[in-house]
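Subject: Handing over a two-chain model

Dear colleague,

I am passing a structure on to you, and I would be grateful if you could look through it before reading my notes.

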Amino acid sequence: MPKLRYPSSLSSRLSPSSLWILHALISHWWRHPVQLGTLVIGLLAATALWSGVQALNQQARMSYDQAAARFDSINQAHLINSQQQPISQEDYVTLRRQGWPVSPLIEGSVEIKDTESLSLNVIGIEPLSLQTSSQMAAPSAGLPENLSLNAFLTPPWEVWVSPRTAELLQGLLDKADESGFPLNPLGEKPTIKISPAIAHDELITDSYLAQYWLDMDQQFSRLLLLDSSFTQPLPEDLATRLRVIIPQSDHDISRLTDSFHLNLTALSLLAFLVGLLMVYSAIHLALNQRLPLRRILISCGVSQRQLMTWLIVELLLISGAIALPGLIVGYWIASLLLPDLSASLAGLYGAQVSSELQLSWRWWQQGVLMAWGGTLIAAFMPLIQLLKRENLQLSSNSVSLSHHALFKRLSWIGMASGTIALLIGYYGESLFSGFLILAFVFLSAALLLPFLLDKLLALGQLAAQKVTLQWLWSDARLQVPHLSVALVALLLALSTSIGVGGMVEGFRNTFVGWLDQRLAAEVYLRADSPAQAEEITDWLSTHEHVSAILPSARADTLLGSTPVDLRGIAVHSTYVDHWPLLSSSEQAWQQIEQDSAVMINEQLARQLQLNLGDRLKLEHSLSESTGTDELSTEHFTVAAIYSDYGNPTGQIMMSLDTLYRFWPEASLGSFAIRVDSDQISPLVSQLRDKFDLSDTQVLDQQAVRNYSIQLFERTFAATQALNLLVLGVASIALFSSLLTLSSMRLTQVAPVWACGVSRRQLMVIELLRLLLMAFMTALIAIPLGLIISYCLVAIINVRAFGWALPWQIFPQQWLTLTLSALVSAFFAALIPVLKLQLSSPSELLKGFRDDQ
Amino acid sequence: MISKIMKCLVLTAILGMLLAGCEPNNQSTQSSQGFAGLGAEAEGFAQVQPNPVITYPEALAMNPDYRIEWWYVTANLETTSGEPLGIQWTLFRQAASPSPQREGLASQQLWLGHVGLTTGDQHFSADRYGRGGIGQAGVEMQPFSAWIDHWSIEAVDENANEFILKASEILSGEASFGYELTLQKTGPAVLQGDQGFSVKSPQGQASYYVSLPFLAANGTIDIEGESYEVSGQAWLDREWSSQPLAADQEGWDWFSLHLDQGDKLMLFRLRHTQADDYFSGTYITAEGIPHPLKPEQIQMQPLRQHQVAGRPVPVEWQLSVADFDINLRTQALNPDAWMATGIAYWEGPIRFEGSHQGWGYLEMTGY
């Protein structure tokens, strides 16, 4: 046998002649398939859940980047007409000729009538003026190279759409004349061009064609200010007509959605951690069991360094081999969750996420690196221990003693992290600090758990009278060190379930209640145009079963420099009785009807820190009778704050009269209609037929409610699915820990059996002890879960979404989870216990022989 | 923030059509369409023919039936304290499609402006793009005026004997530059080539080419907020064509020189990828009488390469013209006069010594 005592280089350490060391090490796994299984499942789960969520995040980020590439007038500095009118081509040219780096934008929508009507947002751009000296940049990749300005600007012109929209349009174009696809002024069909960078339902074309389609001859909707640092004041003659809007970065989609992804990432990290706990226990056990092998190898002349190197090589080989299937499972999980995720992001933030998973090679690379990194981290402590053990003779007594010392030390660190969590909770204000609180709460609980369990079991031991019972308690205490990793995994999974479950359930209750209040009218309708709206009003007022028509109108304005959505409603008992107000001054509704008072949504109140009674200065477009074009402002009092779940933007609600008085251009469009409940569906179908309204334009209360609830469910689908997966992984962790433990149990059980306790009794005691520990863990998980749910509801949600929720508790959930913990513990214990039951007396006797 | 799609639209489009292959590394587009697309096929556009009748000031007017044209001014100036400097002002027009001309935003006329200012140790450049048909950029006559955004050249009178030239730009950060000059015509307009028909390749590519080499310049320049009085001599070039370059011409080296005693010299070399370079030029007497030069009379020899914008560019030249006793050695005032615009090239003032001495301008493209 070669003696490689102190090899000088890695290559000689890993030379083929020393491959037999690897062979000897790896053979251990073939003899212990359960351990290998634990390692594989742990690592597989960790890699899959982590990489799955990362795939979702990556997909979403890619979509945001694409969205950022679109003309999002909210996020870009721009000029608008102060009167909410279009900007004339002449004013645009005047600005350009004074050196202003502006480029015109024409926005509007075209209805494409066919078997079902399709509404497309038309964005007209002027590509030449978009380019200025200071904006020079290298052409970005990702778009087809056949993009030609020549074709874009000349007949028949081009329209750029997303692949999905192109599919819809192609059908219409193929049908030649009867299709409703808009033609160019020469009566030709424009060329359809496809780019994945364009949002669904959006159509980008040259400003000329957009002006023609939107009937905006020589007019632009707004002018983009390409250099927001351009500080020249507006020319005097234009200053009265135009306004420069420099948006706040608060409205950035990616900032808003960051919170959502942070949420998912936090959950996936937790899953990764739980998976790693399994990996840790498998490696730890495997190293311990190979101590004799280590002695043999060292006596054969293998150095400590060689052994370490080969152990690491072995772990990297195994984890590398598991990473690939782990990534495939991760991909599969991501593809299952993506549709819900994209729906909820669209609902929450209006962010469009493509529902097709496209992953870069970096994702695969990262996944493999995570698997390796995770394995090495999990193996770090066991390997260090192995090194330390070199000259130590350990007795079982000193083990338990050292464990007590360790528990104490861990519990001190645990309490310190708990204190840190409290401090962050007190001083932190950001969303990230919210997640830090959660991290420290988890850390603290994980570190305190062994100590707490030990103390609880010690209490039980004191109370126990019978010897067997005393043995049960004290033996359970002895097992805490071996099971603590699995129990910590169980604790984390259970408390997350309680926390997240409580938050979601609480939100659902609040949301559904809110929805029921808010959807007080029976039918909701959106008209195509103000003219049609009037026509519909006339028709409805003659309808015998309609008891009230509640029109609402909307307009945009600025509060300071924050764009807000203005809603005008007809004050009616329907609203007064039902509209869900979070806080209101006395007689809020009368104030709104009579005075210059408004209601604002919770998001706006939190964003701008507004309270009841605050005065808002709003710009309005009403030209004063003095005849000047000066922009006017009006003060409004905040009379109430209402909850507005799911709305990403700030909203101000006022009476319809007030809205029209100051914003005459407000567009009337939607109605709430009160009608006898048995007349709902006849009315809906009458409206659809008579005014040619689509299914989405007229909706009964139930349909709106169902749609909203569906959106809600999808929002939390990913969260709940991940949650469930974490719980599953924790159960497997517990199971595998017990399985590996059972083989070591013989030496401890054999003396008890020798004292006359039957195998059946032993089996029952084993089961009881395990259930006891699972139960205690579940008991500790409940307050922990409540703390987590409080953090989510009162800290993270407010910072992430802009609304607070009541903190509700759901004891029934706790019961279910405790039961499920017990059931999984029961099944986890079943096989080892059956093994004990089936073990022959001779095997139990062997326990004495092995006991040193 | 400009959207990515637009960056791409604009850049690929302008690079791909108006100025194809301006990217220095984009050899394939260069070789198929010549530098900046100037060698692209010109079907449907009016074609340049020999023996034109070109008069002044009508030569300043826009010719929308031709695919491309430009109004191009350079000036060698000096501050009151004697610091030499130069400015450039160019307006390009390019038609996206042949006639008929469309009105308003539908107009196929696309405009591009370039301005530069070069001192011994500083160089500024900027470009602007514009749409025809709506007044953002264009050319009008009676009196002549040409503009894109706030950059303009305007004739003071209908005969176009005096011009006001203006440009200014705020670059990123604190950098800004600008100038406002009066250009006084002190000599006649000069027809280049054969009566204004200027051949650009052995295959017969050509353009109409008229110069105003006799312009006295006075005015002010601004550099980062500081104003300086300047004076000197300027040169205006007018050129229009539908296919001025051969497809394999990858760039040119063009000189305009103010010789002592008031004579002028224009020389250029068009570099072919697949054949010998093409030389042309005109010797103009102080009275404004042009003497077109034959290719074999001209020798242009790069002497020193200078690394600018990551590529070697010849900033020193040996120039000689047989039969006119011209033998010059030129040197750039600022070797870093790189126009970092959408289509990038080197352009800046030069001084020369030898048989004559004086100042001029050098433009080198396709490096």
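Below is what was found in it, beginning with the conventions and then going through each chain.

This is a predicted model, in which local features need pLDDT of at least 70 and side-chain atom pairs count only at pLDDT 80 or more, whereas totals for chains, interfaces and linings use all residues. Residues are numbered from 1 along each chain as its sequence is written, and chains are lettered from A, with ligands numbered from 1, in the order in which they are written.

Chain A has 25 helices and 20 strands, where helices (H or I, at least four residues) and strands (E, at least two) are DSSP runs, numbered from the N terminus. Of its 852 residues, 41% are buried, a residue being buried if 20 or more other C-beta atoms lie within 10 Å of its own, exposed if 12 or fewer, and partly exposed in between, with C-beta atoms placed from the backbone. Among contacts in chain A between residues at least 6 apart in sequence, 83% join residues at least 24 apart; two residues are in contact if their C-beta atoms, placed from the backbone, lie within 7 Å.

For α14 (residues 431-463), the 33 residues should span 48 Å at 1.5 Å a residue, and the end C-alpha atoms are 46 Å apart, which agrees; the expected span is 1.5 Å times one less than the number of residues. Even so, α14(A) has a kink of about 40° at Leu449(A), shortly before the proline Pro450(A), the bend being the angle between axes fitted to the seven residues ending there and the seven starting there.

In helix α16(A), Ala533(A), Ile536(A) and Leu540(A) are buried. They cover an arc of only 65° around the axis, which puts them on the same side of α16(A), the arc being that of the directions from the helix axis to the C-beta atoms. Ala531(A), Asp538(A) and Ser541(A), on the other side of α16(A), are exposed. What covers the buried residues of α16(A) includes β11 (523-526) and α21 (680-691) of chain A.

Turning to chain B, there are 2 helices and 23 strands, and 58% of the 367 residues are buried. Strands β16 (residues 278-284) and β17 (residues 290-293) of chain B pair in the antiparallel sense over 4 bridges, with Gly281(B) opposite Leu293(B) in β17(B). These strands, β16(B) and β17(B), form a hairpin with 5 residues between them, and Gly288(B) in the turn has a positive phi of about 95°.

Key:
Pairing = 2+ DSSP bridges.
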